[in-house]
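Reader: I'd like to learn how to read strands, sheets and helix packing in a model like this one. Could we go through it feature by feature?

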Amino acid sequence: MGHGIHIFFWIPAFAGMTLGHFVGLGMCSKTKTKDFDCIVIGAGHAGVEAAHAAAKIGAKTCLITIGRDTIAKMSCNPAIGGLAKGQIAREIDALGGLMGLATDAAGIQFRMLNRSKGEAVRSPRAQTDRQKYHEFMRQALEQTDNLKIVDAIATEIVTEDNKVRAVGCKDGSVYGTQTVVVTTGTFLGGMMYVGSERWAGGRLDEPPSEELSQNLRRLGLELGRMSTDTTPRLDAKTVDVDGLQVQPGDEPPMPFSFMTEKIDRQQIPCWITYTNEEIHKLLRDNLHRAPLSSGQIKGADPRYCPSIESKVVRFADKKQHRIFLEPEEESIKMIYCNGIFTSMPKDVQEQMLSLLPGTQNARIIHYAYAIEYDYCPPIQLKPNLETKKILGLYLAGQINGTSGYEEAAGQGIMAGINAARKVQGKEPIVLGRDEAYIGVLIDDLLTKGIDEPYRMFTSRAEYRLSLRADNADRRLTPIGKSGGLVDQKRYAKFQNKLKDIDQLKSYLINTHSAGVTLWDLLRKPNSTVAETLAENPDIRKMGCGRDVLQAVIIDAKYEGYLAKQARLVASLTTLENKKIPLDLGYNKILHLRAEAKEKLSAFRPATLGQASRISGITPADITVIQVHLRKYASNRTDVQG
């Protein structure tokens, strides 16, 4: 994550000056200037993917972080994946990112969620060892060619003519660059709360970034406020899990990364406990002491990851809420109380835990706290995550109003890819809603308007039948290869998998049983053929792996649905491909409704498809814009506002 304290004594008149201007004024005369193609500010989950992607593609990249010991730090739950998030993690891996590999290296428990439901909503999740995850990511970045890690505090993005020119740091160093990816997490203007206690911070025991936040405002970006809560961390030796429900991992554990053959190590259990009416009364009686309820915090509270006190109020009819006690490392030294997100005073936290089965005598290592921070409403971005106001400036992660490691990392890898491609003079890569959950995520950010932390769900994806965790490699590996991020080793393995899938499909289509092909039998509801394929002698001779069998079985099961979905996607292709000039003068378009003019002028959609998804925009509005674009296509002065 990015952080910062001021580098320059800023004078507003200097905004937009070049690096040379600063050197000429003597502000940077003591520091040697270095040049990069891309600079990533912040080494959280968005930052590591952005820096790795840009460097692997060939851009000379610099990652600026407050310290190498904070790289990919899991400040919230040390877990990767979950509903819809697991799909994003698999997509990052398919594109050539690091998250899946790090999860497999550091995972201590692996589970497939929603096993009882259809494949479209099944999602992998892994509890990880937070220190091992960090160490894997740090080592991976340190071994990445074209990437330099700088321990510093970024405070200024220097621009000229609305183009990125340099990044300045607190220590006086200035780095020239063509592109910057800002991945500051919760550090921009960060303020932390425990009850009535309040102090500036971007994360536990780490300073906020006030100067960079002010710098972004001066560059013309709009900023808002958001907030989120953490949970108490407990000394595992003082937690009594006897009598609690045990939550084991799956056997065998299923890897996250396409490149991981299998996971052999022993899995660590989690435990489940429940709140009770005594705890609920305690929270209700002390609501006035919670910073959000008392009005200290102005930022929006997460709707989909609410504080425990908010849940007690919102779901007043519920007599209990489920709490997961999750180890933070393989050695089980610290327990993360998943479900007790709160900013209640310390004495209330202590009383609450004393009433919770399993934690009655637990010692708190870190009290839960809330953090309020600045974010940039993402309608200020293009689909490639570049800002509309500043060329070469990209934003990724919580700065765009999202929550979660996976959402951040998904944005990070796309921002890194596109920053590098901009330097190389190539067109950006933009994933469609029909191609990836990452595409859904970014499109939602640009068209929905974000006023509370955004979290991904399978229900947000209208094409979720084809956006499954099991086929992320087939959907996105070719895109990662064309973008230069997927290496030859991964691509060769991927090609071999495709050959195995084709061979198995051909066998099933051409092999009959009782006059019906095995492929057609697979397609029938409640068919038991799938359960016998692994024992089929002919298939065993092919040496098909479990992933190949699974892919073919699901392809057969969903064949009809996917064909129907493909026709729908094709029918919408015209809208998705029709670009709209970012400077289109909506107020000059005849017959366009006033509401449409107002909303389209604010959102500035990049395509007709995006415009159609903005709340309040009707099909008639889209038709009017289409007519206008055709009529004035040859005269840009009439199109501009």
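Author: Let's begin with pairing: two strands pair if DSSP finds at least two bridges between them. Helices (H or I, at least four residues) and strands (E, at least two) are DSSP runs, numbered from the N terminus. In strand 5, for instance, Gln-127 is the residue that Ala-79 stands opposite.

Reader: Before we go on, what should I know about the model and the numbering?

Author: It's a predicted model, where local features need pLDDT of at least 70 and side-chain atom pairs count only at pLDDT 80 or more, while totals for chains, interfaces and linings use all residues. Residues are numbered from 1 along each chain as its sequence is written, and side-chain values use heavy atoms, with hydrogens and water left out.

Reader: Back to that pairing. What is the order of the strands in the open sheet of three strands?

Author: The order is 3-5-4, and the pairing is antiparallel. Strand 3 (79-81) and strand 4 (107-113) are the edges; each has a single partner strand, so one side of each is left without a neighbour in the sheet. From one strand to the next, the twist averages 15°. Such angles run from 0 to 180 degrees between N-to-C directions, with axes as lines fitted to C-alpha atoms, for helices over the stretch in contact.

Reader: How many bridges join strand 3 to strand 5, and how many join strand 4 to strand 5?

Author: Three bridges join strand 3 to strand 5 (residues 123-128), and six join strand 4 to strand 5. Have a look at Arg-125 in strand 5: Gly-81 stands opposite it, and it's also the bridge partner of Arg-111.

Reader: Now helices. How do helix 2 and helix 11 cross?

Author: The axes of helix 2 (residues 45-57) and helix 11 (residues 405-423) come within 7 Å and cross at roughly 25°. That makes helix 2 roughly parallel to helix 11 (angles under 35 degrees count as roughly parallel, over 145 as roughly antiparallel, 65 to 115 as roughly perpendicular and the rest as oblique). The crossing is right-handed; a crossing is left-handed if the near helix is turned anticlockwise from the far one by less than a right angle, and right-handed if clockwise.

Reader: Which residues make the contact?

Author: Contact means heavy atoms within 4.5 Å. An α-helix has 3.6 residues a turn, so residues three or four places apart point the same way. Helix 2 contributes residues including Ala-46, Glu-49, Ala-50, Ala-53 and Ile-57, and helix 11 has Ala-409, Gly-412, Ile-413 and Gly-416 among its own. By class, there are eleven nonpolar, three polar and one charged residues. Ala, Val, Leu, Ile, Met, Phe, Trp, Tyr, Cys and Pro count as nonpolar, Asp, Glu, Lys and Arg as charged, and the others, Gly among them, as polar.

Reader: And how do helix 14 and helix 18 compare by angle?

Author: The axes of helix 14 (residues 488-510) and helix 18 (residues 546-577) come within 9 Å and cross at roughly 55°. Lys-497, Asp-500 and Leu-504 of helix 14 are among the contact residues, as are Asp-547, Val-548 and Asp-555 of helix 18. The classes here are seven nonpolar, no polar and five charged.

Reader: What does helix 12 pack against?

Author: Eleven of the eleven residues of helix 12 (residues 437-447) are buried, so this helix is largely enclosed by the rest of the structure. Its buried residues pack against helix 3 (85-95), helix 11, helix 19 (594-603) and helix 20 (608-612). After helix 12 comes Gly-449, whose phi is positive, near 80°.

Methods:
Buried means under 20% relative accessible area, exposed over 50%, partly exposed in between (1.4 Å probe, protein chains only).
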